[in-house]
Amino acid sequence: MNFGVIGHPIGHSLSPIMHASNFEALERDDQYIALDIPPQNFNHIKDIISEKELDGFNITIPHKESIIPYLDEVSTSAQHIGAVNTVVIQDGKWIGYNTDGIGFVNGLINKYGSIKDKKILVLGAGGASKGIVSEMMKFTDSKITVANRSLNRFDNWQLAIDAKDLNAIKPILNQFDIIINTTPVGMNETESELIIPVEHINKNALVCDIIYIPEKTPFLQACEQEGLSIYNGLDMFVYQGAESFKIWTKQEANINTMRNKVQEELKRR
Ligand code: ATR
């Protein structure tokens, strides 16, 4: 089968290498290509994909929302999140899903166990946050707290969450067992801004970031220095890919092979 990822820029995407390692481990004869589609060419998306004869593809920045009008069907959860990262093409029909949230949650639970009784704080209220929160709600009994710097971001959230102003989070930071940064703060290593004051976090908390390049954001580094456990976004990337693969082929991916390959590639770069 033929797969791919569309985005802009796409040159540094680890998806082709990661998926190829899985195809090889499972002795499958599939292909996975990267397609750079600048926003001004996006209106040709149907022609571009049909020319490549893809059976399915991933969508990354900046097209996760722009793809929606081109789909014949969108899963309920992707509709709710407002972003699609996986399309399967079945009998010419384009069906959209979002595997980012499930990717994060599968990775987290596989590594750290049940989140049923955990008090969870999510930083940021964009698409990534919404995907993670709506998926995590299936696995926890506690109400999830979501903190954002602008409260109007919550206007279209129809989820039973506890919405908080990011600037007013300090006094309650010690209440949380798991804290997850979904904002882009820390993507640029030269900026040392921390999204929250780490010294107020509970010493037993697990602090997560969905960023994995850099491997440790300044936020995760500061948390580690405080003696906190940290977890970056690498598993989320691997597990979202594995979920996409499952949607396309109905087969389980070889997660360990995929993770090892991505880690090896990141070390090489
Ligand atoms: P994504 O799809 O990756 O989630 P997004 O939808 O653009 O991206 O959302 C980015 C999130 O990061 C938003 O919650 C944004 O906060 P605002 O709603 O207030 O814009 C948050 N964010 C981005 N930069 C931030 C910063 N410097 N400090 C705090 N929050 C930030």
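1. The side chain of arginine 149 has an N or O atom 2.8 Å from an oxygen atom of the ligand. The side chain of arginine 153 likewise places an N or O atom 2.8 Å from an oxygen atom of the ligand. For glycine 126, a backbone N or O atom lies 3.5 Å from a ligand oxygen. Polar contacts here are pairs of N or O atoms within 3.5 Å. The protein covers 70% of the 640 Å² of accessible area that the ligand has on its own, by the Shrake-Rupley method with a 1.4 Å probe.

2. A note on the source: this is a predicted model, in which local features need pLDDT of at least 70 and side-chain atom pairs count only at pLDDT 80 or more, while totals for chains, interfaces and linings use all residues. Residues are numbered from 1 along each chain as its sequence is written, and side-chain values use heavy atoms, with hydrogens and water left out.

3. Around the ligand there are 15 residues, counted when one of their heavy atoms lies within 4 Å of it. Ala125, Asn148, Arg149, Ser150 and Arg153 come nearest. The shell divides into 6 nonpolar, 6 polar and 3 charged residues, with Gly counted as polar.

4. Arginine 153 sits in the loop between strand S8 (145-148) and strand S9 (162-165). Strands are DSSP runs of E, at least two residues long, and helices are runs of H or I, at least four, numbered from the N terminus. Is arginine 153 buried, partly exposed or exposed? Arginine 153 counts as partly exposed because its relative accessibility is 45%; buried means under 20%, exposed over 50%, and partly exposed in between (1.4 Å probe, protein chains only). Leaving out residues up to four places away in sequence, arginine 153 touches Ala125, Gly126 and Asn148, where contact means heavy atoms within 4.5 Å.

5. The largest nonpolar core has 23 residues, of which Phe104, Met136, Val146 and Ile180 touch the most other members. Such a core is a set of buried Ala, Val, Leu, Ile, Met, Phe, Trp, Tyr and Cys residues joined through side-chain atoms within 4.5 Å. Beyond its neighbours within four places in sequence, methionine 136 is in contact with Val105, Ile115, Ile120, Val122, Ile144 and Ile180. Another core, of 22 residues, lies apart and includes Ile10, Phe23, Ala253 and Met258.

6. Helix H6 (residues 218-225) has Pro218, Phe219, Leu220, Ala222 and Cys223 buried. Their cover includes S7, S10, S11 and strand S12 (229-231). After H6 comes glycine 227, with a positive phi near 90°.

Methods:
A polar contact is a pair of N or O atoms within 3.5 Å; within protein, one must be able to donate a hydrogen and the other to accept it, and residues adjacent in sequence count only if both atoms are side-chain atoms.
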